[in-house]
Amino acid sequence: MRPVTEAELAEAVAGARGPLLVRGGGTRTLGHAVGEVLETSGLTGVELYEPGALTLVVQAGTPVAEVDRVLAAERQRLAFEVPDLRGLLGREGVSTIGGVVAANASGPRWVQVGACRDACLGVRFVDGSGTVVKNGGRVMKNVTGYDLVKLLAGSRGVLGVLSEVSFKVQALPEAEATLVVEGLADEAGLSALRVALGSPFDVSGGARHSGRSLIRVEGMAGSVTYRLGELTARLGGEVRTVEGDASAALWRDVRDVVPLQGKPGDIWRIATLPTAAAEVVARLDGEAVWDWGGGLVWLRLDPGRGAEVAAAVAGRGHATLVKGQGGSVFPPEAAEVAALAAGIKAKFDPRGIFNPGMMG
Amino acid sequence: MQMPDPDQGVLARKARIVARLRAALPTDAVIDAPEELRVYECDALTAYRCPPLAALLPRTTEEVSAALRICWEEGVPVVPRGSGTSLAGGAMPTADSVILGVARMNAVLETDYENRFIRVQSGRTNLSVSGAVEAEGFFYAPDPSSQLACAIAGNIAMNSGGAHCLKYGVTTNNLLGVTLVRMDGTIVTLGGPWGEPAGLDLLGVVCGSEGQLGVVTEAWLRILPKPEGARPVLVGFDSNEVAGACVSDIIKAGILPVAIEFMDRPCIRATEAFAKAGYPDCEALLIIEVEGSEAEIAEQLARIKQIALAHDPVEFREAADEDQAKRIWLGRKSAFGAMGQINDYMCLDGTIPVSSLPHVLKRIGEMSRDFGLDVGNVFHAGDGNMHPLILFNANKPGDLEKCEAFGAEILKLCVEVGGCLTGEHGVGIEKRDLMSVQFAPQDMEAQMRVKDVFDPKWLLNPAKVFPLATSAARRAG
């Protein structure tokens, strides 16, 4: 099914007689859900864009590329840097903005501006009974009622099908540059990221792969130059500066996990403490891309090492198998948390038709 | 303000309930003497008062759990309380309810500068969180005006903001995880210092749920390295429209000040009479603050000056030193006190799209004449969070009611132009009955379902947030 209006979407859900596989463009879908495909890619268009208020309201099926184009025309962007996971996951298709929100997909700028969910101001969605619900709005500060926007962001379609999302957007910076640090082992290379992120120099990216640590600053040209100098003075190793488009290309590689694309094995996505990130990888001995200052690890391992991964992150984070022979696997939750999550799912989707089996 | 009739059964069982609580908690943690309960009869919304059945001041998560379990078994409503600074009545009790205060739980449990977080007990005050990490060059970003007194527990309950959230976001953007005790005593950990949920973002819905889903006893908070410096400028304009256009142009130019504060003429005059900050007597005044090194500050202020001068301001005032910077902030920081000198006032908190600013200010001026009550506007212009201050005389019969009616009209206007009822204070009891202006029944139903899951008996802070009629069937259950 591919409804083209919110009303049609609501009808499709209300009339569903079995499980629905809810998706935008299917470029980042995880899990084992099966069912009749319900795509939101027919719901497109910008509903409202006020550059002077940094607000954008779009229908959920709007392609990410279209959102980027509209914003770029006003020298603005989505702050949270949408990862394109098609290469990593081996997918085709067109990524939609609703799919991004449903996955809470957040790139390297997480260290500075937070996740996708932090940029979401409001949502409209269709719940499991086919009712249209709105929450939040289009203003930056809003504590009127419960924040279901955060609950829907990252819910992967199990609570409702998003039909519209409003975002707080960001101005494009005048300049960007990256410090590339070489000649450090992983432990020291990750420590360099923490030094940079603990400094007052407003770092907007801290990542490491292929033996190099990357530290990004963005802003007014004079300010970028100043901060590069201050940061370089605080870092060890061999430091060089990459500017402009070349810097942006480095961060696209991190964002889209390019170093791990097209290689054999399982791909794990691990959220952990930056200070634990080197040891988790050393213990599992895989190929890693570290983002978020070390707090996010993309790790390529031989198949069948789930138990070891779980043991390595126990008490200091969690791991999701995003690509593997057996499909993807979400991390387990503590019983009392899982009970709440199950209760919420049952309330929002009483028939259990949305992406059954998707999250745990 | 209507509140549900107290449960006579609970009132009749007071002695037994208090005895059970005393048996489970340290002696000094249970308060039931009428004279001591007076402290808890209201929060910062002082127009409404009602002493609770008892007040509890536990020291640990386990004590909170034990207390909630007893209240759950006895069917006693519980009103969680941080420091009691809510302007919306979020911590106002009913006669049959127990106040559960976290004021004694104020310890720092862990500071981790490398991973940039602090874990605190939730009764710790907002400012003292920054205080605990200041020596290492860090701070906690959300800064509500009451930050000297308000507790992290209340900040989380109301998803508090502050003057600097244009750059740093509000509480939800700086909260990594919590220890939450549910009404039945179950202790739950949501989120954690790694900052991303494993499954559904339950932390995201707990933040801002006004104490209706559980009692937060501990929290992991993001701490940030302090910027090298900060400096404000003051710009005065002849019209609200032009001041609004200037704000919009600054934002469009890609400059991200940490704060853009706005004051209108009535507020400027009241402030001048009180604080003598030397503000120009003009229609609208902006205070814009930027951060960074000396050179970065100069670079941003030069750009702001260029934009502001294009709007022909009556004054553009820069701060040459720390003392002049303080004088620029002086009037803004004393605005509420200044208005309070003149009269009683009610502070509203509606948020509007920045583009609607001139229209909304014009309409508020017209309504002010219609209602015969003066109003001053001071607010966070960068994010559209307004704080109209309506002046009234609490001793004059009918004035409070008139003021409330005026306030309700302003909030309806905020919703009408695409904004919301409350940007950072919360709904509480104050805006409870206006919720249906912003939300359709199914929108509120979806929210109430979340409470059904966390608190099936609807015992936690039950008569708040949703209109009484809307939540009646659930509360009766």
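## Helix pair in chain B

In chain B, α9(B) passes α14(B) in a right-handed crossing (the near helix is turned clockwise from the far one by less than a right angle). The axes of α9 (residues 240-252) and α14 (residues 357-371) of chain B come within 8 Å and cross at roughly 150°; axes are lines fitted to C-alpha atoms over the stretch in contact, with angles from 0 to 180 degrees between N-to-C directions. That makes α9(B) roughly antiparallel to α14(B) (angles over 145 degrees).

The contact (C-beta atoms, placed from the backbone, within 7 Å) is made by B:Asn240, B:Glu241 and B:Gly244 of α9(B) and by B:Leu357, B:Pro358 and B:Leu361 of α14(B). Helices are DSSP runs of H or I with at least four residues, and strands are runs of E with at least two, numbered from the N terminus.

## Basis of the model

This is a predicted model, in which local features need pLDDT of at least 70, side-chain atom pairs count only at pLDDT 80 or more, and totals for chains, interfaces and linings use all residues. Residues are numbered from 1 along each chain as its sequence is written, and chains are lettered from A and ligands numbered from 1 in the order in which they are written.

## Helix α12 of chain A

A:Val309, A:Ala312 and A:Val313 are the buried residues of α12 (residues 306-313) of chain A (20 or more other C-beta atoms within 10 Å of the residue's own; exposed means 12 or fewer). Seen down the axis of α12(A), they fall within an arc of 85°, so they line one face of the helix. On the other side, A:Ala307 and A:Ala311 are exposed. The cover over the buried residues includes β14, α11 (277-284) and β17 of chain A.

Notes: Angles under 35 degrees count as roughly parallel, over 145 as roughly antiparallel, 65 to 115 as roughly perpendicular and the rest as oblique. Two residues are in contact if their C-beta atoms, placed from the backbone, lie within 7 Å. The arc is that of the directions from the helix axis to the C-beta atoms.
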